Amino acid sequence: MFQNIPLSRPDINEQDINLVNNVLRSGKLVQGEYVSKLEEEFKNSHGSSHAIVVSNATAALHLSLKILGIKEGDEVIVPAFSYIATANVVELVGATPIFVDINETTFNLNAELLTRNITNRTKAVIPVHEFGLACDIKRICEIAGSYKLPVIEDAACSLGAKQNDKHTGTFGKIGCFSLHPRKSITSGEGGVIITNEEIIAKKFFQLRNHGISTISGKIDFVDAGYNYRLTDFQAALAFSQFKRLDAILEYKKMLADIYLREITNPKILMPQVPKDRNHTWQTFHVLLDETLDQFTVIEQLKQYGIETNIGAQCIPAQTYFRNKYTLNASKLFPNAWKAYTKGLALPLHTKLNETDVLSVAQLLNKL
Ligand SMILES: *Cc1c(COP(=O)(O)O)cnc(C)c1O
């Protein structure tokens with residue numbers, strides 16, 4: 001039976017649309033009240049001293065590296081399996097990404113591999129909370145801290161995720177979130193930075209807006225900054241959705257539990273959630289065994305109207321990084337390679353119901 005089950009859909013309701021329309025009618029499209037209101041929401045919900053809204057999470061990560069003074073000759077540790085942006089930002093400041101393999105069942109950076117990859121050129125660590133599950137950020141911060149290395153959390157897809165009841169994004173020096181439509185709440189494009197450090201926060205505000213300073217009462221430009229601002233109608237969309245975040249995450253958990261219970265095919269390895277963490281299921285990601293071919297499965301499910309896809313990339317195997325660093329990715333990062341070549345992201349969002357998810361599970365059981 002042909003169905004229409006897309007991989008991902010944003011959760012947008014009439015209330016969201018009305019609020020966006022109100023901003024459009026007001027004529028105040030940038031640097032208006034909803035950027036500040038969204039910053040307040042992130043501050044309050046995370047108990048952090050500062051929040052800075054920017055145009056996307058890649059901009060947030062890029063500014064983080066800039067502000068920490070990371071430059072050519074420096075090394076930054078990143079997981080070998082993530083969205084490409086995590087490593088691209090290291091290239092953008094001229095530094096070298098040092099790839100570290102992931103854990104096979106959580107798809108997150110393997111903290112035990114961290115120490116052996118730290119050199120006297122290492123200047124930061126960017127752990128990722130992949131697919132909405134917190135990595136072992138507590139352990140990663142302990143290790144990085146013992147070398148006095150700052151941690152920039154790539155929490156782009158982990159809004160609401162926690163380890164030991166502490167929010168992702170609040171463990172490191174800086175936390176970066178994305179509001180892209182594939183994430184739990186969205187502003188279209190959008191990103192948010194949180195930090196407890198005032199000096200750093202001031203630099204974020206400055207650099208997102210061309211290097212502006214108004215401290216002396218007049219406008220001055222004290223740095224060569226960027227335009228990484230978000231429009232106010234975009235901020236209004238995320239602000240409106242933020243109020244439903246818990247409900248969205250709860251609904252997705254209910255659907256994810258159906259996958260966890262109903263997918264019983266031994267050829268499909270299910271994701272594992274460590275006991276000290278909650279999964280926010282930004283992506284429901286499974287592994288196919290050696291008998292199943294990733295692209296064949298994607299095509300097979302497409303015949304039934306079910307959209308699936310690769311979850312994330314083995315970054316050192318992408319053409320740019322492969323040409324530049326010539327790392328033998330499948331050998332050096334076996335788990336990242338496996339997640340890249342055997343991983344499958346399943347449809348999971350608030351526009352699906354129990355029956356939809358059940359039918360996906362049943363088709364997967366027939367593979
Ligand atoms: C989505 C995502 C990004 C990029 O976020 P943008 O807002 O699209 O720039 C970076 N890292 C990870 C892990 C992501 O999932």
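The protein contains 13 helices and 16 strands. Both are DSSP runs numbered from the N terminus, a helix (H or I) having at least four residues and a strand (E) at least two. The model is predicted, so local features need pLDDT of at least 70 and side-chain atom pairs count only at pLDDT 80 or more, while totals for chains, interfaces and linings use all residues. Residues are numbered from 1 along each chain as its sequence is written, and side-chain values use heavy atoms, with hydrogens and water left out.

**Overall form**

The radius of gyration of the protein is 21 Å, which agrees with the value near 21 Å for a compact globule of 367 residues. This radius is taken over C-alpha atoms, and the globule rule is 2.2 Å times the number of residues to the power 0.38. Along the principal axes, the C-alpha atoms fill a box of roughly 70 × 55 × 35 Å.

Of the 367 residues, 56% are buried. Buried means under 20% relative accessible area, exposed means over 50%, and partly exposed lies in between (1.4 Å probe, protein chains only). The accessible surface comes to about 16,100 Å², and carbon and sulfur atoms hold 50% of that surface. These areas come from the Shrake-Rupley method with a 1.4 Å probe. Among contacts with a separation of 6 or more, 70% are between residues 24 or more positions apart; a contact means heavy atoms within 4.5 Å.

**Charges and salt bridges**

There are 39 positive and 38 negative side chains, and the centres of the two sets lie 3 Å apart. Lys and Arg count as positive and Asp and Glu as negative, without His and the chain ends. Each charge is placed at NZ of Lys, CZ of Arg, CG of Asp or CD of Glu.

The whole structure has 19 salt bridges, a salt bridge being a side-chain nitrogen of Lys or Arg within 4 Å of a carboxyl oxygen of Asp or Glu.

| Salt bridge | Closest N and O atoms |
|---|---|
| Glutamate 91 and lysine 324 | 2.7 Å |
| Lysine 173 and glutamate 197 | 3.0 Å |
| Glutamate 299 and lysine 302 | 3.3 Å |

Glutamate 91 forms a salt bridge with lysine 324. Glutamate 91 lies in helix H4 (residues 85-92) and lysine 324 in helix H10 (residues 319-325), so this pair ties together parts that are 233 residues apart in sequence. Glutamate 91 is buried at 13% relative accessible area, whereas lysine 324 is partly exposed at 45%.

Lysine 173 forms a salt bridge with glutamate 197. Lysine 173 is in the loop between strands S8 (166-167) and S9 (174-178), and glutamate 197 is in the loop between strand S10 (191-195) and helix H6 (198-208), so the pair ties together parts 24 residues apart in sequence. Lysine 173 is partly exposed at 29% relative accessible area, and glutamate 197 is partly exposed at 33%.

Glutamate 299 and lysine 302 are three residues apart in helix H9 (residues 294-303), a separation of about one helical turn. Elsewhere, Asp11, Asp16 and Arg244 are linked in a network of salt bridges.

**Backbone**

Most residues other than glycine have a negative phi. Phenylalanine 131 has a positive phi near 60°. It lies in the loop between strand S5 (122-125) and helix H5 (137-146) and is buried, with a relative accessible area of 3%. Lysine 148 has a positive phi near 55°. Lysine 148 is in the loop between H5 and strand S6 (152-154) and counts as exposed at 75% relative accessibility.
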